[in-house]
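For each label, I would like the value set against its definition.

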Amino acid sequence: FGATDNTKMYAPKNNKMKGSWPQSSKRVWFLVVLSFLTVMNIGFSRFSTFPKEAIEAAPATNQAVLVDSGQSRNQKPWRRSEQQQQDEGFLAANLRTGLVSGNGSKGDKDGDDFALADHESYGFFQDIPSREWKLKQEISAQTPHHLDAQFDKVARFFWRPKSWYQNNWEPDFSCSFERFVGPIRDGHKWVCDPHRLAADPNKPCLIYSFGSNGNTDFEGGIHAIAPHCDIHIFDPGSFGYRVKRNLPNATYHQYGLKPSYSTDLSLLESKEGLPPGQFKTFTEIIKELGHQDRTVDIFKIDIEKGEWTTFRDWLNSGVNLRQILVEVHMSPPIANDFFATLHQAGYVMFHKEPNSQFASGNCVEFAFLKLRPSFFEASWEHQRVEHSKEALQHAADNQLEYEENHQKKDFDYGREMKATGIV
């Protein structure tokens, strides 16, 4: 067999397939079919019994509730119910006023549908429907705090912080408009719905920031969102000139935080050459500034292990800390008690972020929000954390093991930072 041109073998003369339609015939039939479909579409639009206004006024859930109207041909086979028409009118009239949420849920004219979230958040959330708030409660109650709740298993990996934080204490709450404030690097913080701070410029707003090291990026971000907030920055270092230059509206206090219930200052923020007088208890600070019985809208704290010896003072100072933004350093045996105490004091966790830039995940950013005890009833019933004498003894026994393993595995944070030249 020689080379053959298949096209010439099977194609008739003039390159036309037998039985095929001419191109002009195809075009004619295409136009006929298109005209037919156009006429049918116009007729359907003209004689359709489904009202156009029903489509345009459909509720926000994008679902049209259709009701069979009867057997008569003279009646429209589908119509909206009277209740639905009333609901649609309510939506149209009140979406702009905020009496209903953007997802189409309906509240009554007095806004009682949002009363539960308003009450249990101390007035922070005023626009979350009760059914959504109850779902948040359910999620919070069902969120486990530990991979294994037995204390001997919880104590595992105390000497290895990034492993311990992987297996314990995950966020159990979410804020719809959470955002980070500050730069895209170490130093920013995640804040729950910061726009709410600016909702009422006439409402007092108070910000505490402990441990700045001269960096005011976070505080500057808060000021940009809510300029009326009263911002106080605390640090034992000599950074007042930086604060005055970068954030003139903030007040700088050159002293650090110390515990009122412990004389062991080994975990205070390390500042070489500073006299003990440059540290004050949280209660002393509150009294000195005249902020007793006030609400601190954001309590940000990063004091290099000082959180472990001062956290009880945060909760017993006579002020209400609405949001706590804290970076924890390493995971000493008291770490579990730290989180359990905050949880029992009415705080939900809405953010968790390891510091992978400078601490290899051994330091972690946490963010908490204060809610009323009634929000936690289901959670405390099913996931109550018991602090028995046996558990405290376990913590004491594990302290020595923690310190030995900490040095053995070279997880000493301070030494690591100095070795790398960061501090």
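Q: On what kind of model and numbering do the answers rest?
A: Residues are numbered from 1 along each chain as its sequence is written, and side-chain values use heavy atoms, with hydrogens and water left out. This is a predicted model, in which local features need pLDDT of at least 70 and side-chain atom pairs count only at pLDDT 80 or more, while totals for chains, interfaces and linings use all residues.

Q: Why is strand 5 called largely enclosed by the rest of the structure?
A: Buried means under 20% relative accessible area, exposed over 50%, and partly exposed in between (1.4 Å probe, protein chains only). Because 5 of the 5 residues of strand 5 (residues 206-210) are buried, the strand is largely enclosed by the rest of the structure. Both of its faces are covered, with Leu-206, Tyr-208 and Phe-210 buried on one side and Ile-207 and Ser-209 on the other. Helices (H or I, at least four residues) and strands (E, at least two) are DSSP runs, numbered from the N terminus.

Q: How do you know that strand 5 pairs with strand 10?
A: Two strands pair if DSSP finds at least two bridges between them, and strand 5 and strand 10 (residues 295-301) are joined in the parallel sense over 4 bridges. In strand 10, Ile-298 is the bridge partner of Ile-207. Strand 5 is also joined by 5 bridges to strand 6 (residues 230-234), again in parallel, and there Tyr-208 has His-232 as its bridge partner.

Q: Why is Asn-336 called buried?
A: Asn-336, which lies in helix 13 (residues 335-344), has a relative accessible area of 5%, and the limit for buried is under 20%, so Asn-336 is buried. Contact means heavy atoms within 4.5 Å; leaving aside neighbours within four places in sequence, Asn-336 is in contact with His-146, Val-154, Phe-158, Trp-164 and Trp-169.

Q: What makes Val-348 a buried residue?
A: Val-348, placed in strand 12 (residues 347-354), is buried because its relative accessible area is 0%. Its contacts beyond four places in sequence include Phe-368, and the C-alpha atoms of Val-348 and Phe-368, 20 residues apart along the chain, are separated by 5.4 Å.

Q: Why does Val-28 count as partly exposed?
A: Val-28, in helix 2 (residues 23-47), has 48% relative accessibility and therefore counts as partly exposed.
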